[in-house]
Amino acid sequence: MLVNPVKRTYLAIESWFNLSFGTEWNPIYHLGTLSFFLFWVILVTGLYLFIPFNGSIAGAHASVEYITHDLRYTAGVMRSLHRYASDAVVVTVLLHMFKEFASGRYTGFRWFSWVTGIPNLWTIVTLGITGYWLVWDEMAQYVAVGSARLMDAIPLLSAAMTRNFVAGEMTDRFFILIEFLHLLGQPLALAFFLWLHVKRLSDVKINPPRGLAIGTLLALTILSLVKPALSHAPADLAKVPQVIELDWFYLNIYPLIDIWPEGQVWILVLGITWFITLMPWMTFKKDGAKAVVDLDHCNGCELCFDDCPFDAISVQARTDGAKYEKEVVVNPDLCAACGICAGSCPSSNPFRSRKEELKTGIDMPQQPVDKMRSQTKEAIASMEGEVKILVYGCDHGLNVHRLESKDTKGVKLICSGMLPPTLVEYALKNGADGVMVTGCRHNDCFYRFGNRWVKQRFAGERKPILRGRADRDRIRVHGGSETDKNRIENDLNIFRADLLKKKQAEALAEKSAEQAETSQEGSR
Amino acid sequence: MSCWSKGVGNKPLRYLLQAFNYTIFMTVVWYFATSPSVRVIGEDEAMITVAFAHAGETREACRVLSQEELMKLPPNMRKLDDCPRERSPIVIEATLDGKTIYSKTYLPPGIFNDGSVNLYYNSKVPVGKHVLEIKMDDSVRKQGFNHQLTQDIELKPAQILLIEFEPLKGFIVR
């Protein structure tokens, strides 16, 4: 099967990090929380640096030099951490965007998170730009003049900002305005946009795994000690800075201002911004049908409310006069159509209504639980061989039909999290010797929590649990993407061999028990 | 039951790989934090900057109102002169050793075209001795350039030669 080259690249990077960090610490799975962590580093070091910093034009550069050289190990290292963490956050944010793009997680219901990420990016970049002003060195001068030229190119702003930067015109008032923006205005704006960015997610995590946080901080500290951040010569508005050691993470458009008219630079920047903003609507992918609640089969247990990864389910007082206190409601605008709610509903039990249509409290119109039961029965009936293995797999991991053989059949699900644990038990009771569940790679579920809930439900840690009577030796869970076919096939072969051994051992035990019984009868 | 990846089985090797990844990450951060450097101006170049705000003269001269016209106005609005608000565009030209380096016409901003023009212009020029000439026409009621300055200048590397304008003093070179 063809996997697009962008996704293949992403999966290769992901695999490499899985190899070196494992899935729990894989930084690719924690780019958002890693960015949050870097913000904390920036905030703490920034507050620390604010104490010795002199906020006047005449004193700013000298105070930064004092911090860098005279207080090298107390404040200088904090300056370097502040700077390198700020640069690192651009890397993590861009990788975060690339990951979401490469794995197709920016269209459909995800448009909101994608679009609200854009003001975050703008705020981060402009926050970095104002930060560079405060050093008031030659680079600050270069950035200040460039920024002013860009601002002056906006037709509605008649005041000439650029004239603030001709010799003798720069005032402390203007400098303090920039300090206010950097220290308060932009951080508050960033906090607001970050809140907006994660607003449609439930169970939001903002801290990376401790090991990853420690490793990142350690790496940044070593870099800060080995290559401390330095300033240029003090700004001199009577001279043009000749050579600038530019921070390309934040200041990449400034060299363009020297080559292009300011208007063209704006067109480029705004054009890229708009293109990225409109990307969710540039594909033909559509969300599936949204989850539907059937109050006749819902007792308001709230398990679907707890499991929904996108806060699309709310609980309210019963409206149908039934004896239960509560009922759940799906907000179709927030629903990702993942089906995790159907997997969490205790009514999604295939042992119910065996001869009639199976109805459940919350279901997916495109693949109701009743259909999953029928698909399970059909797949088991079509298998031949000594051991019969049924593989349930999600639409976003490996296509399970690629694993099919005479003795192995697959049932595709929207997400592995939509699999009711009782359906696994049902399959084992109805002829399958083994059940394998494949989802996305661990910690990288397309619908955030699908494979995590499967793992917890099967381990008995999350309701609805896989009951104790289900033989765990006959169940395997494996995360894998489209490019992991060989790895999953290997695991499937091992599973097949294990099942065969188990079956032979059971047959042998049964035979010996029978023989023992016959000889007992004979001796009587 | 499950096969969740823990990374490379050998723990020291895993930590070594992690250290390698952190090193790559930090190298990228460090490199692009300062490199490649940008040369803003050549070693043998200076910059001429023109920067000032100036309102052109009104397009039409003020007219003294007749007694009859004044009486028609409310008492609090009886001004002797009626001055149209619209101002003249500003035409500016600068030459260096006879070669034009700057020539532009600025229209007055504002809904009634009555605002001050904010000029900002800069040009990289070779260092050394030059003859600078700058002239401005800020009135449609007068023919040709009504403000002018010609001056010998000597520019040092990276120097910014600032040209300003004050209505009473004319062009000022700093």
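Modeller: Helices (H or I, at least four residues) and strands (E, at least two) are DSSP runs, numbered from the N terminus. Residues are numbered from 1 along each chain as its sequence is written, and chains are lettered from A and ligands numbered from 1 in the order in which they are written. This is a predicted model, where local features need pLDDT of at least 70 and side-chain atom pairs count only at pLDDT 80 or more, while totals for chains, interfaces and linings use all residues; side-chain values use heavy atoms, with hydrogens and water left out.

Colleague: In which loop does Asn443(A) lie?

Modeller: Most residues other than glycine have a negative phi. Asn443(A) is not a glycine, yet its phi is positive, about 75°. Its place is the loop between β8 (434-439) and α15 of chain A.

Colleague: What is omega for the peptide bond that joins Lys463(A) and Pro464(A)?

Modeller: Pro464(A) sits in the loop between α15 (450-458) and β9 (475-479) of chain A. The bond from Lys463(A) to Pro464(A) is cis, and omega is about -10°.

Colleague: Where in chain B is Pro36(B)?

Modeller: The peptide bond from Ser35(B) to Pro36(B) is cis, with omega near -10°. Pro36(B) is found in the loop between α1 and β1 of chain B.

Colleague: How much area do chain B and chain A bury between them?

Modeller: Counting contact as heavy atoms within 4.5 Å, 48 residues of chain B touch 59 residues of chain A. Buried area is the accessible area (1.4 Å probe) that two parts lose on being put together, summed over both. Carbon and sulfur atoms carry 68% of the area between chain B and chain A, which comes to about 4500 Å².

Colleague: Which element gives the largest share of the side of chain B that touches chain A?

Modeller: Elements giving two or more residues to that side of chain B include β2 (45-54), β7 (117-126) and α1 (11-34). The largest share, 15 residues, comes from α1(B).

Colleague: How many salt bridges does the rule find across the interface of domain 1 and domain 2 of chain A?

Modeller: Domain bounds come from an automatic or database domain assignment, which divides chain A into domain 1 (5-279) and domain 2 (292-504). Lys99(A) forms a salt bridge with Asp444(A), with the closest N and O atoms 3.3 Å apart. Across the interface of domain 1 and domain 2 of chain A, the number of salt bridges is four.

Colleague: Which residues in domain 1 of chain A lose the most area to domain 2 of chain A?

Modeller: The two domains of chain A bury about 1800 Å² between them, 44% of it on carbon and sulfur atoms. Together, 30% of what the domain 1 side buries comes from Phe109(A), Arg200(A) and Ser202(A).

Technical notes: A salt bridge is a side-chain nitrogen of Lys or Arg within 4 Å of a carboxyl oxygen of Asp or Glu.
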